[in-house]
Amino acid sequence: MKPIISEKYKGFGIHGEAPVHMSAACMGEVMACLVRVPTEVLKSRMQTNQAGTETLKSTLRIVLNEKSGMPIIGGLYKGYGITIMREIPFALIQFPLYEWGKKQWAKYERVDQISPVKAAAVGSISGGIAAAFTTPLDV
């Protein structure tokens with residue numbers, strides 16, 4: 001997928017890996033939120049001890065029966081848009097930093113790839129930086 005996106009960007013005069021990583025991050029967040037948002041909706045309903053939310057099945061039934069723009073999914077995706085608006089800026093910072101950090105560390109060690117432990121360290125650092133920049137958006 002990366003070569004396809006990279007070639008499309010070249011057609012628009014956009015070069016470099018960062019735009020490709022940013023696009024991948026955005027697409028990844030949009031897809032991840034398709035699972036994350038309904039999970040959070042159900043979890044938050046069950047945590048509030050709302051009447052009829054004693055089990056996952058009963059909570060799901062209540063949420064599906066809620067009125068929303070889409071009759072089949074009810075309130076499962078309530079907050080999807082705002083969640084995307086919160087997650088995408090974080091991902092736009094974190095993923096390019098992560099890829100750049102891995103590349104720089106590999107260059108420093110004169111290897112093709114760094115170990116998974118080192119990649120996890122780079123991910124933690126880039127996630128911390130992204131969080132520092134986007135925390136005001138989350139509050």
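**Helices and cysteines: a quick walk-through**

Okay, let's start with a packing pair: helix α2 (residues 18–47) and helix α3 (residues 56–64) pack at an angle of about 110°, and their axes are 10 Å apart. Axes here are lines fitted to C-alpha atoms, for helices over the stretch in contact, with angles running from 0 to 180 degrees between N-to-C directions. Helices, by the way, are DSSP runs of H or I, at least four residues, numbered from the N terminus. So α2 and α3 are roughly perpendicular to each other, a label that covers 65 to 115 degrees.

Before I go on: this is a predicted model, where local features need pLDDT of at least 70, side-chain atom pairs count only at pLDDT 80 or more, and totals for chains, interfaces and linings use all residues. Residues are numbered from 1 along each chain as its sequence is written, and side-chain values use heavy atoms, with hydrogens and water left out.

Staying with α2, there's a bend of about 35° at Cys-33; that's the angle between axes fitted to the seven residues ending there and the seven starting there. Cys-33 is also buried, with a relative accessible area of 0%. For the cut-offs, buried is under 20% relative accessible area, exposed is over 50%, and partly exposed is in between, with a 1.4 Å probe and protein chains only. The buried residues of α2 also include Val-37, Pro-38, Val-41 and Leu-42. Just after α2, Asn-49 has a positive phi of about 55°.

Cys-26 itself counts as partly exposed, at 21% relative accessibility.

On to α4, residues 80–109. Its 30 residues should span 44 Å at 1.5 Å a residue, and the end C-alpha atoms are 42 Å apart, which agrees; the expected span is 1.5 Å times one less than the number of residues. α4 bends too, by about 25° at Ala-91. Ala-91 is one of the buried residues of α4, and among the others are Ile-84, Glu-87 and Ile-88. Following α4 comes Arg-110, with a positive phi near 55°.

Last stop, Phe-133, in helix α5 (residues 116–138). Phe-133 is exposed, with a relative accessible area of 60%. Its C-alpha atom is separated by 31 Å from that of Val-111, 22 residues apart along the chain.

Technical notes. Helices (H or I, at least four residues) and strands (E, at least two) are DSSP runs, numbered from the N terminus. Angles under 35 degrees count as roughly parallel, over 145 as roughly antiparallel, 65 to 115 as roughly perpendicular and the rest as oblique.
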